[in-house]
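Here are my notes on the model, as numbered points. Please read them beside the coordinates.

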Amino acid sequence: MSYDRPRLLAIDPWDCGCTECLTGEYKPLRMASASDIAALLCGELAGNTSATFQVEIRYEVRPDSDGPLSKAAPTAATVSCDDRTWTLDRYAARAVLGSL
Ligand SMILES: [Zn+2]
């Protein structure tokens, strides 16, 4: 008998242990991966955390090839919340920035 894990729908508070977190529809923030956080910031996952996230977008600008900062694409992002930091790669950083 196979069991299909339900699709993740939301990120819940840090230590949540509700029924949905146990079945996999929601995930407690302490278990969230970098891609979960990117999906949360893009609005693809609902946010039930009531947490405040600090988001830092990093750019790399080589004047000879990238030109002004306004034309540069982000190369990474860090997302912090309390004592936890997630590092987003360039693709996730661009997705997050594109959703602003
Ligand atoms: Zn929960």
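1. T78 is found in strand β5, residues 74-81; strands (E, at least two residues) and helices (H or I, at least four) are DSSP runs numbered from the N terminus. T78 is buried at a relative accessible area of 16%, where buried means under 20%, exposed over 50% and partly exposed in between, with a 1.4 Å probe and protein chains only. Neighbours within four places in sequence aside, T78 is in contact (heavy atoms within 4.5 Å) with Q54, V55, E56, R58, T85, W86 and T87.

2. This is a predicted model, in which local features need pLDDT of at least 70 and side-chain atom pairs pLDDT 80 or more, while totals for chains, interfaces and linings use all residues. Residues are numbered from 1 along each chain as its sequence is written, and side-chain values use heavy atoms, without hydrogens and water.

3. An open sheet of 3 strands is ordered β2-β1-β3 with parallel pairing; pairing requires at least two DSSP bridges between two strands. Its edge strands, each pairing on one side only, are β2 (26-28) and β3 (46-47). Strand β1 (residues 10-12) is joined to β2 by 3 bridges, and A10 stands opposite Y26 in β2.

4. The protein chain has 3 helices and 6 strands, running β-α-β-α-β-β-β-β-α from the N terminus. Its radius of gyration, taken over C-alpha atoms, is 16 Å, well over the 13 Å of the globule rule for 100 residues, so the chain is more spread out than a compact globule; that rule is 2.2 Å times the number of residues to the power 0.38.

5. Of the 100 residues of the protein chain, 31% count as buried. The C-alpha atoms fill a box of roughly 55 × 35 × 20 Å along the principal axes.
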